[in-house]
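Please look over the chain shown here. A short report on its fold follows.

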Amino acid sequence: MASNFNEISKRRTFAIISHPDAGKTTLTEKLLLYGGAINLAGSVKGKKTAKFAVSDWMDIEKERGISVTSSVLQFSYEGYCINILDTPGHQDFSEDTYRTLMAADSAVMVIDAGKGVEAQTRKLFKVCTLRHIPIFTFINKMDREARDPFELMDEIEELLGIRTCPVNWPIGCGKNFKGVYDRRQREITSFHASHAGMQEIATESWSVDAPELGQRIGEDYKAQLMEEIELLDGASDELDMERVGRGDLTPVFFGSALTNFGVETFLEHFLKMTSAPLGRRTKQGEVQPMRDDFFSAFVFKIQANMNRAHRDRIAFMRICSGEYDAGMEVTHVQGGRKIRLNQSTQMMADERKIVERAYAGDIIGVFDPGIFAIGDTLTDARETVEFEGIPTFAPEHFARLRQVDTMKRKQFTKGVYQIAQEGAIQIFQERNTGMEEIIVGAVGVLQFDVLTHRLKQEYNVEVRLDQLPYEYIRWIENPQEVDPDRIQGTSDMKLIQNLKGDPLLLFSHEWSVRMVEDRNPGLKLSEFGRN
């Protein structure tokens, strides 16, 4: 058992978040490069390298150069076993990001040095604060023209409401980017790009007090650096790991993922600063990985057709305590039955390897015959353990979905059901109708593009999507007391039901929700958000 806890203490599980195009997937690639998991890193848009990012595996991701699903990647580095969760940056996929953050113990926030804190960074940061996890900041693209570092620090503090503590400091930017200064070691590391950033690079380090410093970086840059060091030492927050753990302070690093500047430095500091897997709340108390030896895990993501040759569904689960052994018997709490976990895999995006053993902190993918849902608990504990559910975001966009070829009804129904079970969309029906015509709800419009693309590519079904004018959805909490078909509505209200048959109301305007509540005494409406 002691060896289990020893293995668990080596685990580091974190998510990478950012605004689209800040360089999140590129940073993920470079971390894998240093971990020896890949030999050549491909940037997301793959221009010079003609190679796609490992963590972007869907055709639509390769075509558009954006991440639309969360990828799970594992590698080892200097005795640590690292699980990276690469998340979509686009706001239309923030629900997938939120679910992924439920499986992470910390987050790395990537910020574009030329643009600073962008809209989506704020939204994702709020999602992080809901989880109260440590946040580390990597200010990327220092090899391009960048804003003043002090200005960037102020913006993070002002817009995100979190204090900053620079761990290293940039010297110059763009073509004049000389390297970074490590504040604790009082050392300067200079960088030279290699192979368009596709391979590891050799670095040179020397003391900030070295007499030849002026010759190496230029007298002007030396004078500026000395002035900035004095200002930082006097005015910036001390590095307090307790405050970092609470999410009140973020350690900040500077570099360039594309050209490999500062990535290894960041990785080494980050691993020392982050903790072993954290405890998780259950309905019965808390599961502590360094105390509880029973196996427990929860499903945070379901993905169908990751490999078209397999035509399968994978349920991704975060192990919260104990050890996973291939073939072990566990209780599926929500299903109320025992199941055997035979086929488990770990992923490098869509490439998979069979896993015989895994520990708390690890992410594994288990073959799903259609029995799992997001938020489900699996455990071999004698006592009941059930993790708290994962909240769902209320959809803000709705569309009517029809199949073009009525002969493909079976594929259409299967495809829509499977994609809905992944949590990418939510599906509803008109009252008293079948599945010929359905209403889909999504958090962002881009999810509709992904839905139509995947139905065509993975299920060979062409569909027509007609946008509907609704923006608000409400759950009827007491259908036993109020007959949904007799509700006094407004002209912009629509009565629908989900797949369980529960009645819901759609509205175009927020004021209509209040009006319907006023017209129907006794009617209880709540925001849709139940797993």
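## The chain as a whole

This is a predicted model. Its secondary structure comes to 13 helices and 31 strands. The chain has 531 residues, and 59% of them are buried.

## Strand β24 and its partners

Strands of a sheet pair through backbone hydrogen bonds, either parallel or antiparallel. Strand β24 (residues 397–403) is joined to β26 (residues 437–442) by six bridges, and the two run antiparallel. H397 has A442 of β26 as its bridge partner. F398 stands opposite G441, also in β26.

β24 is joined to β27 by six bridges as well, again antiparallel. There, A399 stands opposite Q467 of β27. β24 is mostly covered, with five of its seven residues buried.

How many of the 11 residues of helix α10 (residues 263–273) are buried? Eight are, so the helix is largely enclosed by the rest of the structure. The buried residues of α10 are V263, T265, F266, L267, H269, F270, L271 and M273.

Two packed helices are described by the angle between their axes and the distance between the axes. Helix α2 (residues 24–34) packs against α10 at about 80°, and their axes are 10 Å apart. Angles of 65 to 115 degrees count as roughly perpendicular, and α2 and α10 are therefore roughly perpendicular to each other. From α2, the residues in the contact are L27, K30, L31 and Y34. They meet V263, E264, F266 and L267 of α10. By class, this contact of α2 with α10 has six nonpolar, no polar and two charged residues.

## Helix α11

Helix α11 (residues 409–421) has 13 residues. From its first C-alpha to its last it reaches 18 Å, close to the 18 Å expected at 1.5 Å a residue. Buried in α11 are F412, T413, G415, V416, Q418, I419 and A420. Just after α11, G423 takes a positive phi of about 90°.

## G255 in its loop

G255 lies in the loop between β11 (249–254) and α10. Is G255 buried or exposed? Its relative accessibility is 0%, so G255 counts as buried.

G255 and I139 are 116 residues apart along the chain, yet their C-alpha atoms are separated by 6.3 Å. Leaving out residues up to four places away in sequence, G255 touches F138, I139, N140, K141, M142 and F261.

Most residues other than glycine have a negative phi, and most peptide bonds are trans. K141, one of the residues that G255 touches, has a positive phi, near 65°. K141 is placed in the loop between β5 (135–140) and α6 (149–160). At 14% relative accessibility, K141 counts as buried.

E78 is not a glycine either, and its phi is positive, about 45°. E78 is found in the loop between β2 (71–77) and β3 (80–86). Where K141 is buried, E78 counts as exposed, at 59% relative accessibility.

Methods: Residues numbered from 1 in each chain as written. Predicted model: local features only at pLDDT ≥ 70, side-chain atom pairs only at ≥ 80, totals over all residues. Heavy atoms only, no water. Buried < 20%, exposed > 50% of the residue type's maximum accessible area, 1.4 Å probe, protein only. Helix = DSSP H or I, 4+ residues; strand = E, 2+ residues; numbered from the N terminus. Pairing = 2+ DSSP bridges. Axes fitted to C-alpha atoms, helices over the stretch in contact; angles between N-to-C directions. Parallel < 35°, antiparallel > 145°, perpendicular 65-115°, else oblique. Contact = heavy atoms within 4.5 Å. Nonpolar A, V, L, I, M, F, W, Y, C, P; charged D, E, K, R; others polar. Expected span 1.5 Å × (residues − 1).
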